[in-house]
Amino acid sequence: TKFDKLGVFSYSKEEGTPAAKFPKQIHYRTKQQRNEAIMNVQKEIMNQKLEEMIAKEYEVIIDGITSDGKFYISRTKNDAPDVDCIVYLNKRDDKDLVGQFVTCLITRHNGYDLVGEVCH
């Protein structure tokens, strides 16, 4: 299965749970190695999925503007605010589109985030 989004958390002893009382606990380094291995695979999957989004149009909601005022900060309907991928859109005019839905063309990706242009 190739997950669209995936978060990985290493197990930690939770007071009052049966697992916390198990005599043989997994070593911290082993948990870290497993976490890194899973996230490395997911990074490749996410990179492929983001590549597939390039040159396609998506409806996004504009949540804000970057501190330098050059880009809108937006997200698709599949992305949760402050958690998932951000879509940065070039802000070329003085229109205030914050809070509005717009159609954008994805032009590239940068790590886990996308970059695009507002379609007029």
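Predicted model: local features only at pLDDT ≥ 70, side-chain atom pairs only at ≥ 80, totals over all residues.
Helix α1 spans residues 28-53 and comprises 26 residues, with a distance of 37 Å from its first C-alpha to its last, which is close to the 38 Å expected at 1.5 Å a residue. Along this helix, the residues K31, N35, Q42, I45, M46, L50 and M53 are buried, and the elements that cover the buried residues of α1 include the strands β1 (57-65), β4 (101-110) and β5 (113-118). The helix is followed by A55, a residue whose phi is positive, near 75°.

Strand β1 pairs with strand β2 (residues 71-76) in the antiparallel sense, the two being joined over five bridges, and within β2 it is T76 that stands opposite V60. The hairpin formed by β1 and β2 has five residues between its strands, and in this hairpin G69 adopts a positive phi near 75°. Strand β2 in turn pairs with strand β3 (residues 87-90), again in the antiparallel sense but over four bridges, and F71 has N90 of β3 as its bridge partner. Strand β2 therefore takes part in two antiparallel pairings, since DSSP finds at least two bridges between paired strands, with β1 on the one hand and β3 on the other.

The count of salt bridges comes to three. In one of them, K49 is joined to D4, with the closest N and O atoms 3.0 Å apart; because K49 belongs to helix α1 and D4 to the segment before α1, this pair ties together parts of the chain that are 45 residues apart in sequence. Both partners are partly exposed, K49 having a relative accessibility of 23% and D4 one of 48%.

A further salt bridge is formed between D79 and K5, whose closest N and O atoms are 2.7 Å apart. This pair likewise links distant parts of the chain, given that D79 is located in the loop between β2 and β3 and K5 in the segment before α1, 74 residues apart. The two partners are classified as follows: D79 counts as buried because its relative accessibility is 6%, whereas K5, at 36%, counts as partly exposed.

The remaining pair is made by the side chains of D63 and R75, which meet in a salt bridge at 2.7 Å from N to O. Here D63 lies in strand β1 and R75 in strand β2, so that the contact ties together parts that are twelve residues apart in sequence. D63, at 38% relative accessibility, counts as partly exposed. The strands that carry this pair are also those joined in the antiparallel sense over five bridges.

Methods:
Residues numbered from 1 in each chain as written. Heavy atoms only, no water. Expected span 1.5 Å × (residues − 1). Buried < 20%, exposed > 50% of the residue type's maximum accessible area, 1.4 Å probe, protein only. Contact = heavy atoms within 4.5 Å. Salt bridge = Lys/Arg side-chain N within 4 Å of Asp/Glu carboxyl O.
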